[in-house]
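My notes follow the order in which I looked.

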Amino acid sequence: MTETRTAQALPAPAEPTGGIRPEIQALRAVAVILVLLFHLWETRVPSGYIGVDVFFVISGFLITAQLLREIERTGSIRLLDFWARRIRRLLPAAFVVILVTMVALMVVVPRTEWGPSLIESAASALYVENWASLARHLGFLPWVDYPLPVEHFWTLSVEEQFYLLWPLLLLLGVAVAAGRRMSARARVQIIVALIIVAMLLSFAYSLWLSAQHPLHAARSTPSVVWEFAAGGLLALAPRLSQLSLSERAKTAVHCVASWSGLILIVGSALTPELFLHPAPGAVLPVLGAVLVIWGESNRSWLSPTRYGSLAPVQFVGDVSYGIYLWHQPIYVLVLLSTGENVRSVGALAVVAASILLGWLSKRFIEDPFRTSKFWKPLPRTYGFAAGGMLVISAIAGVGILLSAS
């Protein structure tokens with residue numbers, strides 16, 4: 001298994017603000033299952049890493065919808081509050097996984113081999129792992145020819161960088177509309193235009209970089225912005241137009257869209273080798289995710305949303321973030337400690353452990369932090385983020401010094 005493929009993983013999901021949508025939870029379940037199958041049975045699902053593209057679309061859709069609702073309600077975006085919600089949603093479980101992984105690494109791996117993994121741990125806590133990974137491949141950081149336990153945090157880094165910059169783009173649209181005293185509909189049109197420009201620029205850059213340096217393209221934030229933007233445009237679409245169809249015809253169209261999207265996603269995952277990922281290789285799974293979200297209807301028994309609404313599917317989607325966080329450290333630590341990839345029963349054990357730890361993380365870490373009134377004040381939220389980054393970086397620094405001595 002090449003390092004390029006092993007490092008592909010699933011980014012963190014954005015939190016819906018308008019209630020749980022079963023088709024999105026089902027998409028999360030499909031995406032995380034594809035990633036698990038890819039890592040543990042790569043020959044069966046050779047392009048299962050496209051689960052990451054599905055989640056970029058989901059995040060772009062949910063975050064844009066959330067920010068647009070706030071703009072419509074208040075006329076602006078409270079940036080510090082928005083970023084604080086992202087911190088409370090994502091960082092607690094991520095910090096726990098990084099800390100536990102660092103301790104396990106020091107137990108099962110010889111001290112002389114700690115360095116690369118601890119560097120990646122510090123970069124993951126600071127949410128710059130994607131750039132640290134690129135620096136490693138360019139020779140600026142120690143090189144290894146095996147996967148690292150928290151290397152999958154590059155996707156989280158991309159997500160966080162998106163969360164940092166995306167509301168600023170929408171605020172630019174608000175400012176332009178306010179300066180020209182435009183109507184609410186015109187304001188939406190300005191925001192749509194800005195997103196389209198961002199998507200086209202990102203896609204053009206991604207096409208060029210994918211042809212020149214495929215790994216760099218996959219982990220460079222600017223080269224995947226177009227995937228988030230596709231979801232963002234979907235969130236804005238209902239405010240610009242509606243289908244003029246009967247309810248029966250509309251249900252049929254949405255049902256066909258949902259099945260078509262699901263086929264595009266699964267078909268892409270089963271493709272032996274995608275052509276130039278992320279562009280244009282991710283176009284089909286991105287389009288598939290857009291179609292599944294747009295075709296949300298579950299009013300027909302033919303709709304995949306009906307089956308995606310089943311309790312086991314919804315459960316996997318609900319804990320998919322935790323599954324994603326834990327699965328790579330588990331199987332990579334097994335690899336580093338035994339020198340062999342998990343197979344058969346061992347792979348099933350990794351799946352079971354990932355699901356169990358994913359559920360425990362959501363039940364006892366994610367939900368308490370997200371809903372706690374204690375952490376809601378902004379100084380505490382940002383203090384927690386800064387403290388966690390500092391502690392993990394300090395531990396990693398000490399470990400790196402010990403490994404070099």
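Predicted model: local features only at pLDDT ≥ 70, side-chain atom pairs only at ≥ 80, totals over all residues.

**Charges over rings**

I started with arginines sitting on aromatic rings. The charged end of Arg363 lies over the ring of Phe364, at 4.9 Å from the ring centre. I found another case at Arg380, whose charged end is placed over the Phe374 ring, 4.1 Å from its centre.

**Ring pairs**

Next I looked at rings against rings, and the count came to 15 aromatic pairs. I picked out Phe203 and Trp226: their ring centres are 5.0 Å apart and the planes stand at 85°, so I noted the pair as edge-to-face. This pair links distant parts of the chain, with Phe203 in helix H8 (residues 184-212) and Trp226 in helix H10 (residues 225-236), 23 residues apart. Buried or exposed, I asked myself about Trp226? Trp226 is buried, because its relative accessible area is 5%. Phe203 comes out at 24% relative accessibility, so I put it down as partly exposed.

I also traced a cluster held together by ring pairs, made up of Phe56, Phe82, Phe162, Tyr163, Trp166 and Phe228.

**Salt bridges**

How many salt bridges does a search of the whole structure find? I got twelve.

I went to Arg136 for a closer look. The side chain of Arg136 meets that of Glu120 in a salt bridge, 2.9 Å from N to O. Glu120 belongs to helix H5 (residues 114-125) and Arg136 to helix H6 (residues 129-137), so this bridge ties together parts 16 residues apart in sequence. Arg136 also meets Glu151 in a salt bridge, 3.1 Å from N to O. That pair again links distant parts of the chain: Glu151 is in the loop between H6 and helix H7 (153-179), Arg136 is in helix H6, and 15 residues separate them. I checked the cover on each of these. Glu120 counts as buried because its relative accessibility is 1%, and Arg136 does so at 2%. Glu151 is buried too, as is Arg136.

Then I turned to a network of salt bridges that links Glu70, Arg78, Asp81 and Arg85. Within it, the Arg78 and Asp81 side chains meet at 3.6 Å, N to O. I have Arg78 as partly exposed, because its relative accessibility is 46%. Asp81 is partly exposed as well, with a relative accessible area of 24%.

**Glu366**

I looked up Glu366, which sits in helix H16 (residues 345-371). It counts as buried because its relative accessibility is 3%. Which residues is Glu366 in contact with, leaving aside neighbours within four places in sequence? My list reads Arg88, Arg89, Ala93, Tyr321, Gly322, Gly358 and Ser361.

**A surface patch**

On the surface I marked a nonpolar patch formed by Trp259, Ile263, Trp301, Leu302, Tyr307 and Leu310, with about 670 Å² of accessible area together. I followed up Trp301, which is in the loop between helix H12 (283-294) and helix H13 (304-308). At 58% relative accessibility, and with exposed meaning over 50%, Trp301 counts as exposed.

I went through the peptide bonds. The bond joining His277 and Pro278 is cis, with omega about 10°. Ala279 to Pro280 is cis too, with omega near 5°. Pro278 lies in the loop between helix H11 (247-270) and H12, and Pro280 is also placed between H11 and H12, in the loop.

Tyr127 has phi near 60°, and its place is the loop between H5 and H6. I wrote Tyr127 down as buried because its relative accessible area is 6%. Arg181 has a positive phi of about 55° without being a glycine, and I found it in the loop between H7 and H8. Arg181 is exposed, because its relative accessibility is 79%.

**One last distance**

I finished with Ala211 and Phe275, which are 64 residues apart in sequence and 9.6 Å apart in space, C-alpha to C-alpha. Ala211 is found in helix H8 and is partly exposed, because its relative accessibility is 47%.

Conventions:
Residues numbered from 1 in each chain as written. Heavy atoms only, no water. Patch = residues over 30% accessible without salt bridge, like charges linked within 9 Å, V, L, I, M, F, W, Y side chains within 5 Å. Areas by Shrake-Rupley, 256 points an atom, 1.4 Å probe, with all protein chains shown as cover. Salt bridge = Lys/Arg side-chain N within 4 Å of Asp/Glu carboxyl O. Helix = DSSP H or I, 4+ residues; strand = E, 2+ residues; numbered from the N terminus. Buried < 20%, exposed > 50% of the residue type's maximum accessible area, 1.4 Å probe, protein only. Phe/Tyr/Trp six-rings, centres within 6.5 Å; stacked < 30°, edge-to-face > 60°. Lys NZ or Arg CZ within 6 Å of the ring centre and 35° of its normal. Contact = heavy atoms within 4.5 Å.
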